[in-house]
Amino acid sequence: MNPQAIIPSPDALPLPAPVFVLQLLLQLTFLLHLVAMNALLGGLLITFFARLRGRGPDDPWTGLADALSKVTPSLVAATVTLGVAPLLFLQVLYGQFLFTSSILMGWGWFSVVVVLIFAYYGTYLQSFRGRALGGGQVPLLGLTVILFLWVGFMFTNNTTLMLQVRKWAPMYFADARGLHLNLTDPQLWPRYLHMVLGAVAVGGLMLAGWGRARLTRGDGRGTFMMSTGLGAFTWFTLANILFGLWYFLAQPGAVRKLFMGGDGTATALLGLGLVVGIVLVMVGFMLRRQGEHAGLWPVGVLTAVQMVTMIMIRDVARGGTLGVHYRPETFAVRTQALNLAIFAVLLLGGVGVMVWMLRQLYLAWER
Amino acid sequence: MNYPVWQLSMGAGVLMAWVSILHVFVSHFAVGGGLWLVVTESRARRRDDAQLLQFVKSHSRFFMLLTLVFGAISGVGIWTTIGLISPHGTSALIHGYVWGWAMEWVFFFLEIGAALVYYYGWSRLDARTHLLMGWIYFISAFMSLIIINGIVTFMLTPGGWLENHRFWTGFFNPTYWPSAVIRTFGGIAIAGIFTLMTAATLPRGAFRTRVTRWNAGWAFAGMVVVALAARWYGASVAVWRDEEALLGAIPVLPVVAGWFKLGIIVTAVLALIPLLVPRVWNKGLVAVLILCGLLTMGAGEWTREAGRKPFVIQGYMYSTGLLESESPVVEAVGMAASAKWISPDAAGDSARLGHDLYLAYCQPCHTRDRYNGLAPYLAHWDRETVASLVPHLQSMRALMPPWYGTEYENAALTDYLLTMKPQGEAAWPTDPDRAGELAFRISCGLCHTVSGFRPLADSFADMDADEIDEFLDSAGDIAEGMPAYFGPPRQRKALIRFLRTMNRETAAAGATVAAVGTEGGRS
C-alpha cells in the first residue's frame, strides 16, 4: 500500500504562524524540556546508584541520595511543565504523524499518564518520608526509576513510530486495538539508550554544579557531589559517543547519506556533535583530575552547545526520514500576529515572575 | 476518516469520561483551593490566629500533593486521551487555538512554580512575600481556567466563528461567560468540600467547629452561584433553545442535564449541614459530599459533551472527523472513498470493508456491548431490519453524523453489524407493557419519541390495531428517510399494542412518557 494514501491530510484550519516560528518554538521549548528531563532522569539513576552504594546514614553515598531525593519532585514538575509546550508545537507541525502513531500504540501511549502519576507520587514519598521508609526505600526507588524509564521508552516508541509511515497500514489492519509498539525498528534501542545515557551525563554535570555551589558556601559535602557528578558526566559521555554511532548506523540509508556529505548542514552538525562529544570527554577527565578546583562554566556552555546540536541533528534526521511524506509547504498559514505577540509578552513576563519567585526563595533560604 | 480509530472495547467516551471528570474535579480545586489558601492565610495572619494558620499550612501539603501531581498529570492525560480518541478534533483545536494553549501553558508553568515556592516557602519566606506567592499562584491558576474555558466552550457554541474563523470570536462565544462563572464558583465550592475533608480530621472542639463552618460557607456559596449560572448557561446554548435536543433528539442529554441539576441541589443542601450544625460534621458525611460534588461535576461535563452531538465542534466537525462543509463531497463519492484508513483488501472483500467502515464511522461513539452498545439492539433485529436501517443512520434520534453509504457499502456494513449480533434467541419481556416499550425502542424509538422530539403520540390516536398493522406494512413508503418495518410477529404485536395505548398514557402521565426510548437509546 502506498503510505502516502493513508497519511492523514493536514488540518483544514491554517497554521496560526509561519512554519519557521513554530519550528523555532518547538526546538527552543524542547531544549528546556530536555535540560529538566536530564536533571530528573539522570538524577534519579544516580540517586538509585548512590542508594545502593550507601552503607549507613553517615556514608557520603547515602547523603548524596538523600539530597537528590529531596529535589526530585520539583524536577518532575519542571520536566512535565516544560514538556507540555514542545508536545503542543510538535502536534501542530507533525500532528498527522504523531496522532497516528499514538493511536497505533494506544494503550502504551495512554499508560504514560497513569505510570507518570505513580512515578511522581513515588518521588514525593522518597522526598517526604526518606529514611523512614526503612527497607522499602530501595525497592520503592527502583520501582520509581523503572516507571520513569517506561515513560521515556514510550516516548521513544512514539517518536520513532511516527516516522515509520510504511509500518502503519500493516499494523493497523492487523490489529486496531492500540497494542503495537515500535520494537522492530532498528533505531528504537540506540535512540532510547542514547537519551538515557545522555541524561545521566548531563544530570551528572548538574550534580557537579550543585556540588560547586555547596563548596562556595563552605559546605564540604560539595566535594563528593562534584567528583561523583563529573565521573558520571565523563564516563557516560564517552559511552554515549559509541551509542550515538550505533544510533547513526541504525538510520535509514538515505538519512545516513545526508550526514555523510549529502547535505552540508547535516554533515556539519554531525561533525560538530562528534568533535564536541570527544572534547567533552577529554575536558571531563581533565576536570576530574583538578578535583574541587575544577571550573565548570566552560564545560557547561559546551554541553549546552552539544544539546542544541543534538536537537538539530534530530530534526534533520526526522525530516530526512519523513522525506516526501512531510511537506510543510502545503500547509496553509494565516498568522495570528496579535495572539503571537500576546503570547510573547506573557512568556517574557512569566519567565521574569518565575525568576523573581525562585530568587525570593533562594534569598530566604540563604538567610 | 482522516485518522485511524482506536478500537477500544470499553468505548472511547468511557475512557475520556474517567480521565476528564477526575481531572476536572481536581483542576477546579486547584483554582478555588488557591483562593481559599490565600484568603484563609490572610485571615489567620490578620487575626493572629496561629491555629488557623497551622491548619492552612497542613492543608497546603494535601493541596499540593493532589493538584500538582494528580491534577497536573491528569491534565496532560486529557491531552493524551483526546489525541487518541479524537485526533481530528484535537488537531482542529490546536490549529485554531495554538496561541491560546501557549498562553495557557505560560500560566500553567507559573502556577506550578508558584505552588512549589508557596509550599516550600512556609518556613522560609516572610508573611507578606509568602502571601504574594499565594496570590501569584491563584491568579495563574485562574487565568489558566479562563483561557481553557474559552476553548472548551467554543466546541459547543462556536457562534460567529463558524463564519469568520477568528480566534477571539470563537473564544468569547455565547457560553463563555456563564461557563466561566460556573467553573470559577464550582472551584470555590470544591475548595470548600476538600477543606471540609481536612477539617474532619481535626480533633473535635471549638476550633474544628469554627473552621468547619468557614469551609462550609465556601462550599454552599459556591454551589448557589453555580445553580444560578447553570440556568444562564442553559439559556445561552442556541441549539438547545428549540428544545429538540432536550426533548430527546439527543437521548442522553435530558438525563444527564437532570442529574446535573439534581447534583447541584443535593450538594448545596449537603453543604448546609456543616454550615448550620458543624458539630455533626464527620468523615462519613465528607465522603458523601465529595462523591456528590464529583458526580455533579461529571454530569455537568457530560451535559456539555452530549449537548454538541453529533459534532466535536458544533456546526463544523462531526465526531467522525467529517467536516460539515465536506458532506456534499462524501455524499457524491461514498463513505469508503472518503476515509483514508480503509484496507486495500476491502475493495474485493465485503467483510473487510464492513469491518473497516464500522471502525471508521461507528467505533468513535459505539461499542459492541458496552457503552453505546449495539448488541442489545442487534439481538432483536434480523437482516432485513438492519439493512433497512443502515441507509437512514443520520435520521436517528441520537443525531448521528451523516452516512452516505453506497449500496455495496450499506450491504457490507449490514453484514458486519450482524456479526456482532448475540448468539441464540434474545430474551423478550413477558410483561406486555415492558414488551411494548422495548418493541418501540428498537423500532420507531430509534428516530421518534412519544411526546418529545418527533412525537408520535397523536399520530396513532384514531387508529385501531388493524390500521396500525397495515400502517407498519407500508412504513417504508410513507416518507423519504423512513425505513420499512420488518419486526417478527411477537415484536409487531407488542409494538401495535404500545402505539395504540401510548396516547392515553401520554395524556395521563404527561411528558414523562417522553422518556420511553430515551433511557434505552443512550447516545
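This is a predicted model: local features need pLDDT of at least 70, side-chain atom pairs count only at pLDDT 80 or more; totals for chains, interfaces and linings use all residues.
**View 1. Helices α1 and α4 of chain B pack against each other.** Helix α1 spans residues 12–46 of chain B, and helix α4 spans residues 127–156 of chain B. Their axes come within 9 Å and cross at roughly 155°. Angles over 145 degrees count as roughly antiparallel, so α1(B) is roughly antiparallel to α4(B). The crossing of α1(B) past α4(B) is left-handed. On the α1(B) side, the contact includes His28(B), Val31(B), Gly34(B), Leu35(B), Val38(B) and Arg45(B). On the α4(B) side, the residues include His130(B), Leu131(B), Gly134(B), Trp135(B), Phe138(B) and Leu145(B). By type, the residues of this contact divide into 12 nonpolar, five polar and two charged.

**View 2. Ala92(B) sits in helix α3 of chain B.** This helix covers residues 87–120. Ala92(B) has 3% relative accessibility, so it counts as buried. Beyond its neighbours within four places in sequence, Ala92(B) contacts residues of chains A and B. Asp11(A) and Leu13(A) come from chain A. Ile313(B), Tyr316(B) and Met317(B) come from chain B. Ala17(B) lies 75 residues away from Ala92(B) along the chain, and 21 Å separates their C-alpha atoms.

**View 3. Asn372(B) lies in a loop of chain B.** The loop runs between α15 (350–361) and α16 (375–378). Asn372(B) counts as buried because its relative accessibility is 7%, under the 20% limit. A polar atom of the Asn372(B) side chain lies 3.1 Å from the backbone oxygen of Cys365(B).

Notes. Residues are numbered from 1 along each chain as its sequence is written. Chains are lettered from A and ligands numbered from 1 in the order in which they are written. Side-chain values use heavy atoms; hydrogens and water are left out. Axes are lines fitted to C-alpha atoms, for helices over the stretch in contact, and angles run from 0 to 180 degrees between N-to-C directions. Helices (H or I, at least four residues) and strands (E, at least two) are DSSP runs, numbered from the N terminus. Angles under 35 degrees count as roughly parallel, over 145 as roughly antiparallel, 65 to 115 as roughly perpendicular and the rest as oblique. A crossing is left-handed if the near helix is turned anticlockwise from the far one by less than a right angle, and right-handed if clockwise. Contact means heavy atoms within 4.5 Å. Ala, Val, Leu, Ile, Met, Phe, Trp, Tyr, Cys and Pro count as nonpolar, Asp, Glu, Lys and Arg as charged, and the others, Gly among them, as polar. Buried means under 20% relative accessible area, exposed over 50%, partly exposed in between (1.4 Å probe, protein chains only). A polar contact is a pair of N or O atoms within 3.5 Å; within protein, one must be able to donate a hydrogen and the other to accept it, and residues adjacent in sequence count only if both atoms are side-chain atoms.
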